[in-house]
Structures are given as C-alpha cells and as structure tokens.
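Open the model in your viewer and keep the selection tool handy. We will go from one stop to the next, and at each stop you will learn what to pick and what is there.

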Amino acid sequence: MSTETIGHCTGCGIGLQTEDKSKLGFIPEAALQKVPLICQRCYRIKHYNESSSITLQQDDFLKLLGHVGQTKALVVKIVDIFDFEGSMISSLARFIGNNPVLLVVNKIDLLPKVTNANKIINWVQRRVKEENLKVVDIILCSAKKNIGFDRVISAVQEYRGNMDVYVVGATNVGKSTLINRLISDYSDLESELTTSLYPGTTLDLVKIPLDDGKFIIDTPGIVYKHRLTEVVKKRDLTPLMPDKPLKPMVFQLNEGQTLFFGALVRFDFIQGEHQSFTIYTSNAIQIHRTKLEKADQLYEDHKGVMLTPPAQADLEELPKLVKHPLHIPKGKQMDVLVSGLGWIKVNSLAGAQLAVHAPKGIKVITRESLI
C-alpha cells in the first residue's frame, strides 16, 4: 500500500506507512481500520510498555545535548549501577549549560541485599565529582521492582519548576520503564503525543505533554560500543544482564592463575601475594579457573564449547580479545570493571599486577570499590 493514501498519525503527526517496521510511521495493516489512526510507536507509548526504541550514536546525541543547553530544562540522567562507568554520559556537563541535572541510579535491586544505601550514594557522589558533573540530587531506584520510584517522581516535580524535562540515558539502563512511569503519573495521554525532529540530525524526540503546557521529552537511547552488551548477540544478553540480586563469588587465587568468563573475558592474576577476589557478575556466566601458562591453549581448545557465551557460531563476530595490563596499588580497595560484564573486587590491600583480556573497544577500568 502506498504511503500517500494512508494519512498521518494522530499521535505524532508523522506520515503512516505499512512497509517497514524499523522506520518511523509504521502501522500494521490490521490497524488501518481503527479510529483514531496511530503509528505503532505512539501506540506502544500510549499503552505504557515501551518508549522510543530508536537509538543514537554518541556524536548525534551530543548535538542534541547542545540544543538542550540552549533551553531551560531539567535533565534527568539515568545510569545503571551494574555498569556505572559504562552508562555515564561522559562530557555531559559541557553540553547542558546551567540546566539542573537529576541523577537517577537504576537497578539497585541487583546489589546484594546487605548493601548500605548511604554508602552507595556517597560513592556515586565521588564518581560524579570526578566527571565534573554537578547534580541537584542523586536517587537510587529500581524501575523493575518499583523501588524508590515515588522519590524519582517527587524529585522531578520539585526540581523542574515550570520547565520541560529531558530524559537521557544509554541503551539498556531502564529509561523506557522510567518514561512509562512518568507518563502514567503525569500525563493524560488522550491528549496528543508529538514528536519533533531536532534540526541537523535524523533524530526525533517524543514529547509527552504535561498538564501545565510543558513536556517530558524522551531522547533516544545512546549506543555505547564500549559496553559488552552492545557487541554480543541478542541471545547472549540474557545470561550477561542479571535480573536478580548478584550473588558474589569469592575466588582465592595465587599469582599465575587465570579466570575465564565464558569466552568473553579473561582475568589474569599475574603477580602478588595469595589473595581473594570477589566476582560481581551475572550468575548465568560460567567461570573457569586455570593456570596462566595454560590459558592461551585452553582458550583456543575450548572457546565457544566449554567456554560460553558466545557459542562457536558467534565467535567470529566478537571483536578479538585485547589485553589490558592493570596495576592495583598497595593500601587501596579497588574494583576492576569490565563494562557490561560487571566487576571484580580486589579484597587485599597488598597490591597486585593483573591483566584483563576483553573484546577490542570494551571499557576496562580500575576504580574505588563500590561495595
């Protein structure tokens, strides 16, 4: 069916088409009989289960942020506590002008039950300071478990005054769930949804009208290629992304020992006194221990078979593993974070020489211990 005869979406005004699901304005043929006519994207937003599934590369996203800096708005930034550094938007502060930032730290339900919330907030404050980002408030929440969400809603109300609200975040940080909650709490969606193209990009924003004539503006999720979750196949996302509280695993290692996390990541304890390491990753990822001298051979012989994910068929598409030498200084409690996989806490204060082998481009850092 040609697009000219179909008409326009009553939600966002875009021209409707039945040809391509991945493009804007798609409407299933069966829905053409319904009144009012509404594109699939607006339909999904209207029924609260999904916001924009369109994603952006970082350059386009930064163009958009420059635009935000020229308007008066509250910026709600969502990060994932399981991949804090991997989901932070670096250089956010440069682009958003003097607009207030509310930092929403999602997925706190994944932290072990005994974790002290105040310590987590203090830790986040220190990390945010390192990023030179000034925030008006930090809120811990779990979109999935509905923990702390009332606090998010009241903070948005408190800090926005009579401004628009921009919601920003990387992919897979729980942005859709937050948007859906804001929609259900703030907006009567019988009124029109609008999307607007930001000049200079093919980017469209979903604008959700508020009662006072302002908008909640849902920006597309940014794709960060430095996260493991962005380079694996969809079928490997489930084992990689935990959906229940982490059960930390403790390994006592001697120098010259190696841990494999499937065939995705390898952790070498090269030098240091006998010490323990606590692993905070999804419990669906199998960990194999071996001697450092045998690690290369074990990987060649067993990747994609004993060492999974990924399965052998998907190994070709995974970027080659690259070695990151890491020095843990004496007297410091440090984590080794592999973006998208989780982190390894170095429990000893004795110091260590380590190496992490991860797919090329994946962020590997050391940081002050979270827990």
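**Start at Val 124**

Select Val 124 and, leaving aside neighbours within four places in sequence, you will find Ile 81, Phe 84, Leu 103, Val 105 and Ile 138 in contact with Val 124; contact means heavy atoms within 4.5 Å. Before going on, note that this is a predicted model, in which local features need pLDDT of at least 70 and side-chain atom pairs count only at pLDDT 80 or more, while totals for chains, interfaces and linings use all residues. Residues are numbered from 1 along each chain as its sequence is written, and side-chain values use heavy atoms, with hydrogens and water left out.

Buried means under 20% relative accessible area, exposed over 50%, and partly exposed in between, with a 1.4 Å probe and protein chains only. Strands (E, at least two residues) and helices (H or I, at least four) are DSSP runs, numbered from the N terminus.

**Strands S3 and S4**

Next, select strand S4 (residues 137-140), where Asp 137 and Ile 139 point one way, Ile 138 and Leu 140 point the other way, and all are buried. Strand S3 (residues 101-106) runs parallel to S4, joined by four bridges. Which residue in S4 is the bridge partner of Leu 103? Ile 138 is that partner.

**The open sheet**

Select the five strands in the order S10-S13-S17-S16-S19, an open sheet with antiparallel pairing. Two strands pair if DSSP finds at least two bridges between them. At the edges, strand S10 (249-253) and strand S19 (364-368) each pair on one side only. From one strand to the next, the twist averages 25°, taken between lines fitted to C-alpha atoms, with angles from 0 to 180 degrees between N-to-C directions. Zoom in on strand S16 (residues 334-338) and strand S17 (residues 342-346), which are antiparallel and joined by five bridges. There, Leu 337 stands opposite Trp 343 in S17.

**Aromatic rings**

Rings of Phe, Tyr and Trp (its six-membered ring) pair if their centres lie within 6.5 Å; planes under 30 degrees apart count as stacked, over 60 as edge-to-face and the rest as tilted. By this rule there are six aromatic pairs. Select Phe 260 and Tyr 299: their ring centres are 6.0 Å apart and their planes at 15°, so the pair is stacked. Phe 260 sits in strand S11 (residues 257-261) and Tyr 299 in helix H10 (residues 292-302), 39 residues apart. Both Phe 260 and Tyr 299 are buried. Phe 269 and Phe 277 form an edge-to-face pair, with 5.2 Å centre to centre and 65° between the planes. Phe 269 is buried at 0% relative accessible area, and Phe 277 is buried at 0% as well. Finally, pick Phe 82, Tyr 280 and Trp 343, which ring pairs link into a cluster.

**Zoom out**

Show the whole protein: eleven helices and 19 strands, with 53% of its 371 residues buried.
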